[in-house]
Amino acid sequence: MNGARRLLLPCSIAYSAAMRLRNLAYDRVPALVRRADIPVVSIGNITVGGTGKTPMVVEVVSRLQAMGRRPAVLTRGYKGTADQPADEVLELREALPGVPVIVGRDRVAAARDARRSYGADCAVLDDGFQHRRLARDLDIVLIDALDPWGRHAVLPAGRLREPLGGLRRADALVITRANQVAAARGDEIVAPLRRIVLDTPIWRAGVEAAAVVDMEGQSQPASTLNGRRVFVVCGLGNPATFLRLVETLGATVAGRRVFNDHHRYAGPDLERIDAEAQQAGAEYVVTTRKDWVKLVHLWSDRRRLLVRLDMRVTWPEAATKTELDARLRQAVEDRV
């Protein structure tokens, strides 16, 4: 542990204790938890930063729709304002046209609104694991294969949102980005998890590029980037995962511009990106859907090379999809 993290360790100990007390209160005082009048499926994580949560929300919503359900998404809208919705809100609305994405700190009220105002018959709670006030019928927690243990410390010294023992509340764990690590590494993650959760299902999910989409909305296979010089732009909690994904498509990363997570793009950013991409001889400026929804409205007509790379969840173990469907069906039908 480096010096800076060592200095932060007392704060982490205090934060960990506070989270334990908070969870104990919710566990022992049922009145603190409110149940919505529609089934709720939560997608959350144990660490801060990117774990592939938004693609998983899209996957779960799509699977519920395939069952004939009418889901809504409930999200806090972290760092959003009245004038500028949060990144995840814009991204979800782009990825799930026609699906209500309801924003608000009070997720109990949001669930009520989903039913009354939008006719939803179930809800998917985005980033919901630490939101204990709203009861859920299925609690799915994501574990990032690239950093499963959050540097072995709770915030601020590490990336854990709460002690790992909190995973015992989960109904299912999903090791995400499993296709970006060796199979043996996945096994190394499962073994410690099994010491925390004995019988909870542990699934593995990958993420792959689904398509390249240009400014006119035209979609092409992700293989379009094979052999092309690209300039990568992103503002993510873990940008290395996106850079790695672009490289796996056979693209030559001629340059990159990485911003902080939830970055608000402005004119000077675009001028810098444009100049650096041209200097690098890039054929495309490649970005994520999360960044695209903020960039595309600022991108001028003369910069025609902007494209987004859409991603989808994959399931290395075929039986997982069947198990997930069974859990989702049980969660939504048991409440009908």
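Begin by selecting Thr 54, Val 57 and Val 58 in α2 (53-66), which meet Glu 88, Glu 91, Leu 92 and Ala 95 in α3 (contact here means heavy atoms within 4.5 Å). The residues of this contact divide into four nonpolar, one polar and two charged, where Ala, Val, Leu, Ile, Met, Phe, Trp, Tyr, Cys and Pro count as nonpolar, Asp, Glu, Lys and Arg as charged, and the others, Gly among them, as polar. This is a predicted model, in which local features need pLDDT of at least 70 and side-chain atom pairs count only at pLDDT 80 or more, whereas totals for chains, interfaces and linings use all residues. Residues are numbered from 1 along each chain as its sequence is written, and side-chain values use heavy atoms, with hydrogens and water left out.

Now show α2 and helix α3 (residues 87-95) whole: they pack at an angle of about 35° with their axes 11 Å apart, the axes being lines fitted to C-alpha atoms, for helices over the stretch in contact, and the angles running from 0 to 180 degrees between N-to-C directions. Helices (H or I, at least four residues) and strands (E, at least two) are DSSP runs, numbered from the N terminus.

Next, go to Gly 50, in the loop between β1 (40-45) and α2. Gly 50 is partly exposed, with a relative accessible area of 22%; buried means under 20%, exposed over 50%, and partly exposed in between, with a 1.4 Å probe and protein chains only. Leaving aside neighbours within four places in sequence, Gly 50 is in contact with Asp 144, Arg 159, Arg 177, Gly 237 and Asn 238.

Then select helix α9 (residues 319-333), where Thr 320, Leu 324, Asp 325, Leu 328, Ala 331 and Val 332 are buried. These residues cover an arc of only 135° around the axis, which puts them on the same side of α9; the arc is that of the directions from the helix axis to the C-beta atoms. Among the elements that cover them are β1, α2, β4 (122-126), β5 and β7.

Finish at helix α5 (residues 183-196), in which Gly 186, Ile 189, Val 190, Leu 193 and Ile 196 are buried. They cover an arc of only 105°, which puts them on the same side of α5, and their cover includes β5 (138-144), β6 (172-176) and β7 (202-204).

Terms used: The expected span of a helix is 1.5 Å times one less than its number of residues.
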